[in-house]
Amino acid sequence: MTPPDASHNRWSDLDRPPLNATALRRGLLRPDTLWASLEVVESTGSTNTDLAERARAGAAAEGTVLVAEEQTAGRGRLERSWTAPPRSGLFFSVYLEPGDIPVERWGWVPLLAGVAAATGLAKSAGVDMSLKWPNDLLVTVEGEERKTGGILGEFAGDGIVVGLGINVSLRAGELPAPTAGSLALAGAVSTDRETLLRAVLRSMEHWYGAWKAADGDAAASGLQAAYAAGCATLDRTVRAELPGGASLVGEAVAIDGDGRLIVSTEDGLQQPVSAGDIVHLRGAAGGLT
């Protein structure tokens, strides 16, 4: 008898058990919560693409959560790819409808997701987390800052889809780049993905509720201060690689009320950066990140 193909066996890696969708729904879906539905799929190209299509078709309610055990065409900012072995991380998207909150404040939603993920993972995984503006989650592996997660937000339908990809159990030989890391390599006390996902979603519900209650005012809700407190980009010399090919070098000094990074240049000017890639040149951790 020919043995089954291990690549198609959902239990082929016993260190990476599948998510229990029923248990997740039981723990997260209640009448008084933000989360309205939760679906776990075995594999998809991108949870953000799938959920955005549903939202545009009017087939997604606020609080919809779509989780994939594997993404084959995961997307980061600037259409970069995001790949990882099946069940090695958390790959999910949520759909939110900020409603009457001014659209110019919706840019805070991906930053809110970063604060929620960092605080939720710090508590549940026992790992120090930090944020790299605007959308990266950092951990420390062997004394070096490493990216362990990314966040992507995009408008869809009457709201915004926010996707998160978080490396949980990736081993050193599985990392996609030398600058990547995982919760396991950072010494996490738990890599149970159900525990981690529940913690992140509950944290997101808390911060989203506070932000909405303050009419999207990041300062009044405490979101702006929380992001700044956890942001590894601040107080460092950075290079901002801007759309169109220009760049800006200076010290990252603040996150303003619109979620922009304020960079102080050598000539004393303070320039707001609303979009671009940030390279950490020097700072408390040292080295390029």
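User: What percentage of the 289 residues of the protein chain count as buried?
Analyst: This is a predicted model: local features need pLDDT of at least 70, side-chain atom pairs count only at pLDDT 80 or more, and totals for chains, interfaces and linings use all residues. Residues are numbered from 1 along each chain as its sequence is written, and side-chain values use heavy atoms, with hydrogens and water left out. Buried means under 20% relative accessible area, exposed over 50%, and partly exposed in between (1.4 Å probe, protein chains only). Of the 289 residues of the protein chain, the buried share is 51%.

User: How many helices and strands are there in the protein chain?
Analyst: Both are DSSP runs numbered from the N terminus: helices are H or I with at least four residues, strands are E with at least two. The protein chain has five helices and 14 strands.

User: What share of the contacts with a separation of 6 or more comes from residues 24 or more positions apart?
Analyst: Contact means heavy atoms within 4.5 Å. Among contacts in the protein chain with a separation of 6 or more, residues 24 or more positions apart account for 65%.

User: Which elements do the buried residues of helix 1 pack against?
Analyst: Helix 1 spans residues 21-28. Its buried residues are Ala 21, Ala 23, Leu 24, Gly 27 and Leu 28. The buried residues of helix 1 pack against strand 1 (37-41) and helix 4.

User: Is helix 1 roughly parallel or roughly antiparallel to helix 4?
Analyst: The two pack at an angle of about 30°, with their axes 11 Å apart. Axes are lines fitted to C-alpha atoms, for helices over the stretch in contact, and angles run from 0 to 180 degrees between N-to-C directions. Under 35 degrees counts as roughly parallel, over 145 as roughly antiparallel, 65 to 115 as roughly perpendicular, and the rest as oblique. Therefore helix 1 and helix 4 are roughly parallel.

User: How many nonpolar, polar and charged residues are in the contact of helix 1 with helix 4?
Analyst: Ala 23, Leu 24, Gly 27 and Leu 28 of helix 1 meet Glu 194, Leu 197, Arg 198, Leu 201 and Arg 202 of helix 4. Ala, Val, Leu, Ile, Met, Phe, Trp, Tyr, Cys and Pro count as nonpolar, Asp, Glu, Lys and Arg as charged, and the others, Gly among them, as polar. By class, the contact of helix 1 with helix 4 has five nonpolar, one polar and three charged residues.

User: Which residues are exposed on the other side of helix 5?
Analyst: In helix 5 (residues 223-230), Leu 223, Gln 224 and Tyr 227 are buried. They cover an arc of only 100° around the axis, which puts them on the same side of helix 5. On the other side, the exposed residues are Ala 225 and Ala 229.

User: Is the crossing of helix 3 and helix 5 left-handed or right-handed?
Analyst: Helix 3 and helix 5 pack at an angle of about 55°, with axes 10 Å apart. That makes helix 3 oblique to helix 5. A crossing is left-handed if the near helix is turned anticlockwise from the far one by less than a right angle, and right-handed if clockwise. The crossing of helix 3 and helix 5 is left-handed.

User: Which residues in helix 5 meet helix 3?
Analyst: The buried residues of helix 5 pack against helix 3 (108-125), strand 6 (130-132), helix 4 (193-213) and strand 11 (247-255). From helix 3 come Trp 108, Leu 111, Leu 112 and Val 115. Their partners in helix 5 are Leu 223, Gln 224, Ala 226 and Tyr 227.

User: Which residues does a cis peptide bond join?
Analyst: Most peptide bonds are trans. Pro 134 lies in the loop between strand 6 and strand 7 (136-141). With omega about 0°, the cis bond joins Trp 133 and Pro 134.

User: What is the relative accessible area of Arg 87?
Analyst: Arg 87 has a positive phi near 60°. Its place is the loop between strand 4 (81-82) and strand 5 (89-96). Arg 87 is buried, with a relative accessible area of 5%.

User: How far apart are the C-alpha atoms of Asn 48 and Ala 156?
Analyst: Asn 48 sits in helix 2 (residues 47-56). Asn 48 is buried, at 4% relative accessible area. Asn 48 and Ala 156 are 108 residues apart along the chain, and their C-alpha atoms are separated by 9.9 Å.

Notes. The arc is that of the directions from the helix axis to the C-beta atoms.
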